Amino acid sequence: VQLQASGGGLVQAGGSLRLSCATSGRTFSIYFMGWFRQAPGKEREFVTAINWRGGSAYYADSVKGRFTISRDTAKNTAYLQMNSLKPEDTAVYYCAAGSGNLWNPRSYGYWGQGTLVTVSS
């Protein structure tokens with residue numbers, strides 16, 4: 001499975017961005033699609049994940065109510081709509097695919113290259 005993330009950029013606090021993660025290859029093996037982020041000097045952290053088939057979504061408390069994950073199985077693409085962005089959301093965002101414990105990055109066997117999101121105050 002190959003993943004290609006896009007959509008990052010610079011936005012002012014309170015603004016919005018939508019990230020995309022296009023997948024290719026053995027997509028039938030995907031159980032979860034997730035987004036993680038890593039800020040400078042910090043560990044990679046879980047943001048959100050979605051059950052690829054059923055569509056159930058899960059969110060970190062820090063983004064609940066502001067971020068929305070979705071997927072288009074026909075296009076093999078996952079999306080992350082980010083609203084009401086805050087400076088503390090600044091990070092490199094990675095999409096990932098895998099199975100098992102969706103909260104744990106070790107459960108994801110496939111990763112995109114990351115896309116930088118910068119939120120200015």
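The link between C21 and C95 in this predicted model is right-handed, with 65° about the S-S bond. The two sulfur atoms lie 2.1 Å apart, and the pair counts as a disulfide (a pair of cysteine sulfur atoms within 2.5 Å). C21 belongs to strand 3 and C95 to strand 9, so that the link joins distant parts of the chain, 74 residues apart; strands here are DSSP runs (E, at least two residues), as helices are (H or I, at least four), numbered from the N terminus. Both C21 and C95 are buried, where buried means under 20% relative accessible area, exposed over 50% and partly exposed in between (1.4 Å probe, protein chains only). One disulfide is found in a search of the whole structure.

Residues are numbered from 1 along each chain as its sequence is written. Local features need pLDDT of at least 70 and side-chain atom pairs count only at pLDDT 80 or more, while totals for chains, interfaces and linings use all residues; side-chain values use heavy atoms, leaving out hydrogens and water.

Next comes the nonpolar core, a set of buried Ala, Val, Leu, Ile, Met, Phe, Trp, Tyr and Cys residues joined through side-chain atoms within 4.5 Å. The largest such core holds 36 residues, and M33, W35, F67, M82, Y93 and Y108 have the most contacts inside it. Among the elements that give two or more residues to this core are strand 1 (2-6), strand 4 (32-38) and strand 11 (115-120), but the largest share, five residues, comes from strand 9. Leaving aside neighbours within four places in sequence, Y93 is in contact (heavy atoms within 4.5 Å) with residues including L19, W35, F67, M82 and V117.

Nine aromatic pairs are found in the whole structure, with rings of Phe, Tyr and Trp (its six-membered ring) pairing if their centres lie within 6.5 Å, and planes under 30 degrees apart counted as stacked, over 60 as edge-to-face and the rest as tilted. F46 and W103 form a tilted pair, 4.6 Å centre to centre with 55° between the planes. F46 is buried, with a relative accessible area of 11%, whereas W103 is partly exposed at 45%. Both F46 and W103 belong to one aromatic cluster, which also includes Y94 and W111. The charged end of R44 sits over the ring of Y94, 3.9 Å from its centre, and over the ring of W111 at 4.7 Å; the criterion is NZ of Lys or CZ of Arg within 6 Å of the ring centre and within 35 degrees of the ring normal.
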